Amino acid sequence: VPPDLFGPFVTAAVQVVRTLANDDVAEESFRWSMSLISRILMRTITEGSTIVMTAINANSGKMLRKAVACAPRGERALWMLNVQVGT
């Protein structure tokens, strides 16, 4: 999922909640929660530092196969499950 789409998704979700809830505090709480979650997800996507995460973010099966092929046979599953964000 491209990180550029998280902003419009949060806006759309907040607009739906606005039509369903009459409480301004609930709406603002939902907006804050969704923006926090979207920032975390965007950071995870943009800073995915493993070659497996890069292949997943590129949505490329060929890149994923190449990335997993670099791993020793006993560690391939761990490489696919290892997600690192930041330093």
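Here is a short walk through the helices of this structure. The model is predicted, so local features need pLDDT of at least 70 and side-chain atom pairs count only at pLDDT 80 or more, while totals for chains, interfaces and linings use all residues. Residues are numbered from 1 along each chain as its sequence is written, and side-chain values use heavy atoms, with hydrogens and water left out.

Let's start with helix H1, residues 6-20 (helices are DSSP runs of H or I, at least four residues, numbered from the N terminus). H1 has 15 residues and reaches 21 Å from its first C-alpha to its last, close to the 21 Å expected at 1.5 Å a residue (the expected span is 1.5 Å times one less than the number of residues). Its buried residues are Phe6, Val10, Ala13, Val14 and Val17 (buried means under 20% relative accessible area, exposed over 50%, with a 1.4 Å probe and protein chains only). They cover an arc of only 100° around the axis, so they sit on the same side of H1 (the arc is that of the directions from the helix axis to the C-beta atoms). The face turned away from that side carries the exposed residues Pro8 and Thr19.

What do the buried residues of H1 pack against? They pack against helix H2 (24-46), where contact means heavy atoms within 4.5 Å. Glutamate 27 is found in helix H2, and this residue is buried, with a relative accessible area of 12%. Not counting residues up to four places away in sequence, Glutamate 27 touches Val14, Val17 and Arg18.

Methods:
Helix = DSSP H or I, 4+ residues; strand = E, 2+ residues; numbered from the N terminus.
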